[in-house]
Amino acid sequence: MNNLTLILSILAILIIVALSALAIGMWMKVFKLRKVQAEQLAELEAQKQEKQDYILESVRVIAHNILHEDLNVSEGAIRLKMLLDNLFLPEQERQKFNAFDSLFDIVKDFDTHQGRKNLPKEERQRQDKIRLKHEALHRDDILKAAQLVMEYDFEASLKAS
């Protein structure tokens, strides 16, 4: 009986050691996976911040160009609307810039670039007439919104959301 008890005890110890080694190995894999996940998350956050910084810089440059008449009102409104949409501001904050959305909704379907060049002269003039009319109607609101862009603390608003 003593030999059998000894053999079973040794076998039990070996099983416990093997299971402990297996558990330690699995724990180390989990630890490494968590470390990799944390590094990937940090990289994603850095990329997100880099993109956000780029958008914010672009928004301010475009607003500056609108205010200094280096960019026409409708082109600026189109660009700012699209960039502001990509910032994912809280809705209450985003509404402060609705002037860009209003003009965008009017001119969004107008032809641009090569499509504009390919238009018959009469159609191009018709679109220009409508665009210029709405630029004049929305000009003050666009300029106010562009000035707000220059003064607005986007970083604080984005951190709050």
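**Figure 1. Packing of helix H4 against helix H6.** Helix H4 (residues 98-107) and helix H6 (residues 121-151) pack with their axes 8 Å apart and at an angle of about 155 degrees. The model is predicted: local features need pLDDT of at least 70, side-chain atom pairs count only at pLDDT 80 or more, and totals for chains, interfaces and linings use all residues. Residues are numbered from 1 along each chain as its sequence is written, and side-chain values use heavy atoms, with hydrogens and water left out. Helices (H or I, at least four residues) and strands (E, at least two) are DSSP runs, numbered from the N terminus. Axes are lines fitted to C-alpha atoms, for helices over the stretch in contact, and angles run from 0 to 180 degrees between N-to-C directions. H4 and H6 are therefore roughly antiparallel to each other; angles over 145 degrees count as roughly antiparallel, under 35 as roughly parallel, 65 to 115 as roughly perpendicular and the rest as oblique. The crossing of H4 past H6 is left-handed, a term used if the near helix is turned anticlockwise from the far one by less than a right angle, whereas clockwise is right-handed.

**Figure 2. Residues at the contact of H4 with H6.** From H4, the residues Ala99, Phe100, Ser102, Leu103, Ile106 and Val107 take part. They meet Arg131, His134, Glu135, His138, Asp141, Ile142, Ala145, Ala146 and Val149 in H6. Contact means heavy atoms within 4.5 Å. Sorted by class, the contact of H4 with H6 has 9 nonpolar, 3 polar and 3 charged residues. Ala, Val, Leu, Ile, Met, Phe, Trp, Tyr, Cys and Pro count as nonpolar, Asp, Glu, Lys and Arg as charged, and the others, Gly among them, as polar.

**Figure 3. Packing of helix H2 against H4.** The axes of H2 and H4 are 8 Å apart, and the two helices pack at an angle of about 110 degrees. H2 and H4 are therefore roughly perpendicular to each other. H2 passes H4 in a left-handed crossing. On the H2 side, the contact is made by Val73, Ser74, Ala77, Ile78, Leu80, Lys81, Met82 and Leu84; on the H4 side, by Phe100, Asp101, Leu103, Phe104 and Val107. The residues of this contact of H2 with H4 comprise 10 nonpolar, 1 polar and 2 charged.

**Figure 4. Buried residues of H4.** In H4, the buried residues are Ala99, Phe100, Asp101, Leu103, Phe104 and Val107. Buried means under 20% relative accessible area, exposed over 50%, and partly exposed in between (1.4 Å probe, protein chains only). The buried residues of H4 pack against helix H2 (73-85), helix H3 (91-94) and H6.

**Figure 5. Glutamine 52 in helix H1.** Glutamine 52 lies in helix H1 and, at 16% relative accessibility, counts as buried. Leu87 and Leu158 are touched by glutamine 52, residues up to four places away in sequence not being counted.

Figure 6. Histidine 68 is partly exposed, with a relative accessible area of 48%, while glutamate 69 is exposed at 59%. Phi of glutamate 69 is near 55 degrees, a positive value in a residue other than glycine. Most residues other than glycine have a negative phi. The C-alpha atoms of histidine 68 and threonine 112 are separated by 23 Å, the two residues being 44 residues apart along the chain.

**Figure 7. Phenylalanine 88 in the loop between H2 and H3.** Phenylalanine 88 is found in the loop between H2 and H3. Its phi is positive, at about 55 degrees, although phenylalanine 88 is not a glycine. With a relative accessible area of 62%, phenylalanine 88 is exposed.

**Figure 8. Proline 120 in the loop between H5 and H6.** The loop between helix H5 (113-118) and H6 holds proline 120, which counts as partly exposed at 47% relative accessibility. Proline 120 and aspartate 70 are 50 residues apart in sequence and 27 Å apart in space, C-alpha to C-alpha.
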